[in-house]
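Dear colleague,

Please find below the structure that I am handing over to you. My findings follow it, and I would be grateful if you read them with the model open.

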Amino acid sequence: MPHNRGMDVLFEASGLRKRYGDATVVDGVSFAIAPGECLGIIGPNGAGKTTTLRMCLGLTTPDDGAIHYQPPGGGPVLHMPQDALAIKAQIGVVTQFDSLDPDFSCEENLRVFGRYFGLGHHTMDERAPRLLEFAALTHKAQAKPGELSGGMRRRLSLARALVNAPRLLLLDEPTTGLDPQARHLMWERLQQLLQAGTSILLTTHFMDEAERLCTRLLVLDQGRTIAQGAPRALIAEHLEPDVVEVYGAGALALAQEPALLALAARTEVSGDTVFFYTRAAHPLLDALLQRPHLRTLHRPANLEDLFLKLTGRQIREGG
Ligand SMILES: Nc1ncnc2c1ncn2[C@@H]1O[C@H](COP(=O)(O)OP(=O)(O)OP(=O)(O)O)[C@@H](O)[C@H]1O
Ligand SMILES: [Mg+2]
């Protein structure tokens, strides 16, 4: 591996670049993923997350850059595009939009995928029920995707991505559209996979998901990596520890009051909310007590704040 920074590397992308016409939508993105690690890519709509994942899979051809896969336990390093088939055999994918076959039942969807990977009937007789159980879909084995809820379809997509027992999962917004309970179930399943040594590369618009699942994050904006690191380390590096959010009628006017601004290290406005970032919130909270008509929320800084600061944009869901 050319850029192995002392870490055990399973998959590495270096200097990925993709242009469509005059626009460079991925502009020199590099990362490495260790076995059992979850790397998250976050960034606004159109940042280049899906394009990056598609290049990792060989579905989109990069204009520049290199992709390698290092088989765990040794063996020759595999390179895209010449070893695409061998690399893809080690990868499972959940695409941003479901690509399940609507004419087949849940079980048949898994079996069809098994055939792509050359898995025989016997293997699938054993694997399909196990995967349906893992996806909590045993009771829906004979149902077609159109008869499932959105959360069930997402779990079926995950089960299908696991058919070939992949070493690396590429998950493009795996929990978008899921209710809180379904998200927790998905997170629990992903944690199980990580603990079993599977690596995950995921994109998400949910900062709580990124913080909970990912060992490291890559923040993309307009195709470029604008920050990377462990979630808590990124927060500590870029943000003051305390946030006071103020919203309600007239809140935006606060951002024009020098006396209040002086009580915060930094102030951001997003939508109808003013965010005050500070190392000592109490003087500011005391001052806000004089304005009981406004809603005030005092909390620790989180990844949403980091996102807001680095991309200057609110998080929006989906494409
Ligand atoms: N096949 C294509 N042809 C032309 N432009 C494309 C193509 N695919 C993607 N793009 C452009 O590349 C940019 C990045 O798209 P991409 O789908 O990678 O973003 P994303 O970060 O996944 O966004 P989202 O959060 O909305 O899913 C966008 O401006 C998009 O319009
Ligand atoms: Mg996308």
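**Findings in the predicted model**

Glu245 is part of strand S11, which spans residues 242–247. Please note that the model is a predicted one, and that the values given in this message are computed from it. Is Glu245 buried or exposed? Its relative accessible area is 14%, and because the cut-off for a buried residue is under 20%, Glu245 counts as buried. The side chain of Glu245 also makes a polar contact of 2.7 Å with the side chain of Arg299.

Gln96, with a relative accessible area of 17%, is buried.

Gln96 takes part in the surroundings of ligand 1 as well. One of its polar side-chain atoms is 2.9 Å from an oxygen atom of ligand 1. A polar backbone atom of Gly48 likewise lies 2.9 Å from an oxygen atom of this ligand, and an N or O atom in the side chain of Glu173 is 3.5 Å from an oxygen atom of ligand 1. On its own, ligand 1 has 640 Å² of accessible area, of which the protein covers 61%.

There are 15 residues around ligand 1, and those that come nearest are Gly46, Lys49, Thr50, Thr51 and His205. By class, four residues of this shell are nonpolar, nine are polar and two are charged. Helix H1 (residues 49–57) supplies the largest share of the shell, namely three residues.

Finally, I would draw your attention to a hairpin. Strands S12 and S13 form it with two residues between them, and Gly271 in the turn has a positive phi of about 60 degrees. The strands run antiparallel and are joined by five bridges, with Arg266 standing opposite Tyr277 of S13. Which residues of S12 lie on its covered face? They are Arg266, Glu268 and Ser270, while Thr267 and Val269 make up the uncovered face.

With kind regards

Note on methods
Residues numbered from 1 in each chain as written. Chains lettered and ligands numbered in written order. Predicted model: local features only at pLDDT ≥ 70, side-chain atom pairs only at ≥ 80, totals over all residues. Heavy atoms only, no water. Near = heavy atom within 4 Å. Polar contact = N/O pair within 3.5 Å; in protein donor to acceptor, adjacent residues only side chain to side chain. Areas by Shrake-Rupley, 256 points an atom, 1.4 Å probe, with all protein chains shown as cover. Helix = DSSP H or I, 4+ residues; strand = E, 2+ residues; numbered from the N terminus. Nonpolar A, V, L, I, M, F, W, Y, C, P; charged D, E, K, R; others polar. Buried < 20%, exposed > 50% of the residue type's maximum accessible area, 1.4 Å probe, protein only. Pairing = 2+ DSSP bridges.
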